[in-house]
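User: I am new to this model. Please take me through it in short questions and answers.

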Amino acid sequence: MHSMTNNQNIQKGAAFLLIAASVFWVGFCFGAGVSQTDILRDMRGFSLVLWSILFEALPFVLLGIIVSSLIQVFVTEDMILRIMPDNRFMRLVFAAMIGLIFPVCECAIIPITRGLMKKGMPVGPAITFMLATPIVNLIVLLSTYNAFTTMPQMMPLRAACGFVGAIVIGALVSRAQGKAVLKGGAEPVCAYGAHHGDEAQHGHSRNKRAIFRAVMQHTNAELQSVGMYLIFGAVIAAAVQMAVPTDVLTGIGGGRIASIAVMMALAFLLSLCSEADAFVANTFLYQFSGASVLAFLIVGPMIDLKNTFMMFGSFSKKFTIRLILTILLVCFALALVASLLIGGMYG
Amino acid sequence: MGKCGVKILWLFILMSLTAVLGVALISGNILLYLAPRMVPMVWFGAIVLAGLCVYQGYEIVHCLRSAQTAGKGRPGMLLFFVPVVFILTAVPDTSTPGSLPNQNVRLVSVTAKNAADTVREDTEPDEAAGSDAADCLPCVLEDEHAFFNPSVDLFSDYLFETAEALDGRTVTVYGFVYFDDSFPENTVLVSRLMITCCAADASIVGFHVQTETQDGLELNEWIRVTGTIRIMEIPYYGNDYDLPVLTDGLILRCDAPDIENAYIYP
């Protein structure tokens, strides 16, 4: 109850700030005759970046929500446990390998992971699945290969680091209790008051109309929940892209450790889709080492500004903070190892 | 809020989002935000949202007829209106992408040395050049009427690999003017924005134009440069690179391209 009140207060605060900014902006537009000012140009730029993020992410989030809703209605805990290997390590490997054939980016994967965890998928494999899929899927690997035609090693390196990193992170967070890490607790209740357990407990009958209604109810409820965090994250990411000069960050990068840290920070702030980030990463090769560009390529799909807010909307605050720190540490270590082992171009 | 107020508010939010996606798709403005290959997914999103609108209408009717209450709304639901406010009040156009800060620049350059002499200060926007953009620009070898395919050749290693073969050829380049502190002195880029998925991942790619003075050229101004390719050494982030360079360029001011040609794609 207490965390629910806190959550409501955070939502109220965020909503108030953004709505106040929007009201101010509308008054500014219509009151001051600013058609040709620099401010209007910048706000158009902000609007362009914000909506390009939303146009790109929203359909994938909807797809993820629909898949999640289908999981809620049709999949039982038994089914999940039946397909998972018994060995704990093999479960993580299995979860990472699903990513190879699952062409989903980081926006869609969070609602799907949340749906699987609600159905009893253990935390470790669920997080490994969530982190590996946006990196090791074939579309992302193909775009990485195309972006780095002069450095074809980058694609297998990205795949290997993403695969290994997701397994290591999954293992490190696997002690957490499955449903307890989900926001809303172990017995999630949707916006329409339906208690989500397995299908029998859920009260969704096999009647086609009832199943359709259940899927639509879940989709609506998930969209309300995940959608507002997506929008909040997109607004912040667009503001950062417009307001924070990246050359301040890139100016820092020089040494082995500093350049890896800078590229990880850039990946977090820019919030690029994992299918596109390789082309942007390529432009940094003249300023940064190959290892730091590799860090950019593995951190971005795992954690960025946009999906940080979606994670806070899906998982408990404590777990999300722990997960983010683990991701940053593991990715930094992987990039450092790549830098030390491979040297030369990647150093 | 009334008995079914939350459901009605949610319907209004869904309808607003559906309208924004639908208008962008039908008007073709979606290409200002996304690469064409992403557009089918937006259609999918618009159809799903429209379906949710219909379903929400059914829910509202059901709610009004029954004695049930819809539950409390979440304050965060109001966040959905924020991007809608921005798209209604600050509508981007084809000149907006070039004005975005923090864009990455790719190292491919053809330089029109001393081109400032040939900048026509009094020229009006060249309408013919604007319409040409749809056909063949940003780059054409005029002596053979052979085209670079900007998606494959112009901004990849093509120019590096074929530098010697290009030496002495006449080229026309179309793009917007870009320069920053990292560029060599008196140098601008005749550039295009390359996007893979959306405008948020745009990178600037193009040709350096070296002028005796940059006074005649403004940031984000669309121009067309015709000149002869020479191989020159261009400094970039502390290193020098041998690159094809456009010399003796003639620079004409042009209109910005249509939305369909606002970007190039890898």
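The questions below go from each chain to its details.

User: What kind of model is this, and how are things numbered?

Analyst: Residues are numbered from 1 along each chain as its sequence is written, while chains are lettered from A and ligands numbered from 1 in the order in which they are written. Side-chain values use heavy atoms, with hydrogens and water left out, local features need pLDDT of at least 70, side-chain atom pairs count only at pLDDT 80 or more, totals for chains, interfaces and linings use all residues, and the model is predicted.

User: How many helices and strands are there in chain A?

Analyst: Helices (H or I, at least four residues) and strands (E, at least two) are DSSP runs, numbered from the N terminus. By that count, chain A has 16 helices and 0 strands.

User: What share of the residues of chain A count as buried?

Analyst: Buried means under 20% relative accessible area, exposed means over 50%, and partly exposed lies in between (1.4 Å probe, protein chains only). Chain A holds 347 residues. The buried share is 59%.

User: Among contacts in chain A between residues at least 6 apart in sequence, what share join residues at least 24 apart?

Analyst: A contact means heavy atoms within 4.5 Å. In chain A, with pairs at least 6 apart in sequence, the share joining residues at least 24 apart is 80%.

User: Are helix 2 and helix 10 of chain A roughly parallel or roughly antiparallel?

Analyst: Axes are lines fitted to C-alpha atoms, for helices over the stretch in contact, and angles run from 0 to 180 degrees between N-to-C directions. The axes of helix 2 (residues 38-74) and helix 10 (residues 208-243) of chain A come within 7 Å and cross at roughly 150°. Angles under 35 degrees count as roughly parallel, over 145 as roughly antiparallel, 65 to 115 as roughly perpendicular and the rest as oblique. So helix 2 of chain A is, relative to helix 10 of chain A, roughly antiparallel.

User: Is Phe284(A) buried or exposed?

Analyst: Phe284(A) sits in the loop between helix 13 (277-282) and helix 14 (290-302) of chain A. Its C-alpha atom is 8.9 Å from that of Met263(A), 21 residues apart along the chain. The relative accessible area of Phe284(A) is 4%, so this residue is buried.

User: Which residues does the disulfide join?

Analyst: A disulfide is a pair of cysteine sulfur atoms within 2.5 Å. The whole structure has 1 over all chains. At an S to S distance of 1.9 Å, it joins Cys4(B) to Cys63(B).

User: Is that disulfide left-handed or right-handed?

Analyst: The torsion about the S-S bond of Cys4(B) and Cys63(B) is about -95°. So the disulfide is left-handed.
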